[in-house]
Amino acid sequence: MLRKLLCLTLSLFFLQPALSLGRPPFVAAVEHHQFNQSAGHNHANAASPGKTRGRPLWPGSRFTEADRSRAVMRGLKFIYRTALQRKNFEEYGHDYIWCFYTLSAAVRDVNVRRTARRMGIERARFWRRAHRLVPADADAATISSLVYGNDAADSLGVYDAALKNQLKREVSRFKARDYLLFDPLVEPPPGDVPDECKRCGANNARGSTACFVCQTPLIMRTRYDVWYDALISTYVGKRSGITLGARYEDVLKWLPTLRPYRASPSDEGEEFHDTVYAITHIVYTLNNYSQYKLSPRLLPQEFEFLKANLKAAIDEDDADMLGEFMDSLRAFGLTTGDPSIRAGMEYYLSRQNRDGSWGDVNEKDIYMRYHPTWNAIAGLSEYAWQGEGLSFPEVKPLLEKWARAGVSDISRSSPGSDTSLCGNHRLLSNFMRYNLEAN
Ligand SMILES: [Zn+2]
């Protein structure tokens with residue numbers, strides 16, 4: 001009976017015209033079906049559903065398993081509703097598909113996995129219909145976005161061999177500096193990449209200090225920010241076999257130059273924020289976005305930094321950053337039994353917006369609406385870990401060498417002395433030595 005209902009629901013779901021503006025009646029209908037289906041699954045899966053769903057998340061918690069399930073499903077529906085809007089999907093389609101894929105692959109809750117997968121497959125098929133060819137005038141950003149979308153759709157089993165082959169040929173139209181903003185073969189992550197102009201939004205060339213359009217002084221992106229963007233691009237390139245300017249290993253190898261992590265939540269500027277996201281994207285790209293656990297021994301400095309700073313995300317009311325912390329700390333072995341993870345879950349369960357999202361409802365950029373919601377779903381979820389592992393096991397020896405170097409550096413530095421300069425120098429020397437050895 002349940003299987004039949006599921007098939008019927010799926011057919012209704014896929015027979016609907018995929019794109020609509022606003023919030024059309026069929027979305028409400030789909031949600032109604034999904035809601036019923038979720039309830040059905042819960043009854044089918046749980047031995048005593050009432051007991052499980054009414055159970056506190058931990059002894060003494062004011063929230064129950066039912067509260068968590070409801071919050072997560074509401075969040076997922078918010079993301080899907082916004083993904084159905086033409087403008088949003090044109091801009092962030094590749095990222096929406098990746099969001100649905102990663103949740104469908106990593107989250108333990110079967111309802112969430114299935115719902116995210118259905119949403120992801122529907123959006124991936126739509127994306128495929130809209131992206132059959134690489135445009136003749138495509139710039140590097142367009143090709144990157146196509147490579148991302150192609151990989152996300154492939155990950156959900158929605159393939160297009162012709163587009164993939166074309167991307168493999170056309171990707172060489174541009175070089176590392178076009179895709180990654182620096183060439184990791186010849187230079188470390190640079191500090192001279194300007195952020196887009198605060199006044200007019202223009203993108204300016206590396207090294208510019210004033211906007212070429214409006215002459216407004218430019219703010220430089222941090223090295224961390226430039227580096228982790230490149231890490232993501234080359235990760236997607238390595239997954240899909242379509243290299244965006246450089247290899248993942250060529251970007252990862254600069255990690256020791258970003259250590260030790262000295263940023264503090266009270267710092268001016270973006271240094272702390274970018275350090276957090278650089279670290280969480282080391283974790284995401286190494287564990288296929290929460291599919292594998294990681295030994296904290298491989299990344300001891302990253303683990304310590306996250307553990308010491310999670311509270312800052314709650315203090316700063318940063319729904320996006322909090323989920324990043326929780327994802328990585330769970331990968332390193334923290335669980336819902338840990339007080340800091342519980343604090344994060346309490347935060348999310350008491351701060352969900354009426355529309356199912358998390359974060360600032362007045363934010364105009366849809367990315368800053370769905371992304372914190374994605375991270376909140378992640379922060380609230382238990383994961384179906386596939387054991388300890390790495391997305392690319394071949395980088396393990398390098399991580400082990402760096403971890404040993406990091407430990408010996410810490411043990412050599414005398415307490416109380418200012419070692420920032422010589423510490424960096426030492427790390428750079430280690431870095432050069434290890435890369436010579438590795439090559
Ligand atoms: Zn400007």
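Modeller: Gladly, starting with two packed helices, α5 and α7 (residues 140-155). This is a predicted model, where local features need pLDDT of at least 70, side-chain atom pairs count only at pLDDT 80 or more, and totals for chains, interfaces and linings use all residues. Residues are numbered from 1 along each chain as its sequence is written.

Biologist: At what angle do α5 and α7 pack?

Modeller: Axes are lines fitted to C-alpha atoms over the stretch in contact, with angles from 0 to 180 degrees between N-to-C directions. Here the angle is about 25°, and the axes lie 8 Å apart. That makes α5 roughly parallel to α7, a label for angles under 35 degrees.

Biologist: Which residues of α5 make the contact?

Modeller: Contact requires C-beta atoms, placed from the backbone, within 7 Å. On α5 these are Gly93, His94, Ile97, Trp98 and Tyr101, meeting residues of α7 that include Tyr148 and Gly149.

Biologist: And the backbone angles?

Modeller: Most residues other than glycine have a negative phi, and most peptide bonds are trans. Tyrosine 289 has a positive phi of about 50°, and serine 290 has one near 75°. A cis peptide bond, with omega about -10°, joins arginine 259 and proline 260.

Biologist: Is tyrosine 289 buried or exposed?

Modeller: Buried means 20 or more other C-beta atoms within 10 Å of the residue's own, exposed 12 or fewer, and partly exposed in between, with C-beta atoms placed from the backbone. Tyrosine 289 is buried because it has 23 such neighbours; serine 290, with 22, is buried too.

Methods. Helix = DSSP H or I, 4+ residues; strand = E, 2+ residues; numbered from the N terminus. Parallel < 35°, antiparallel > 145°, perpendicular 65-115°, else oblique. Contact = placed C-beta atoms within 7 Å.
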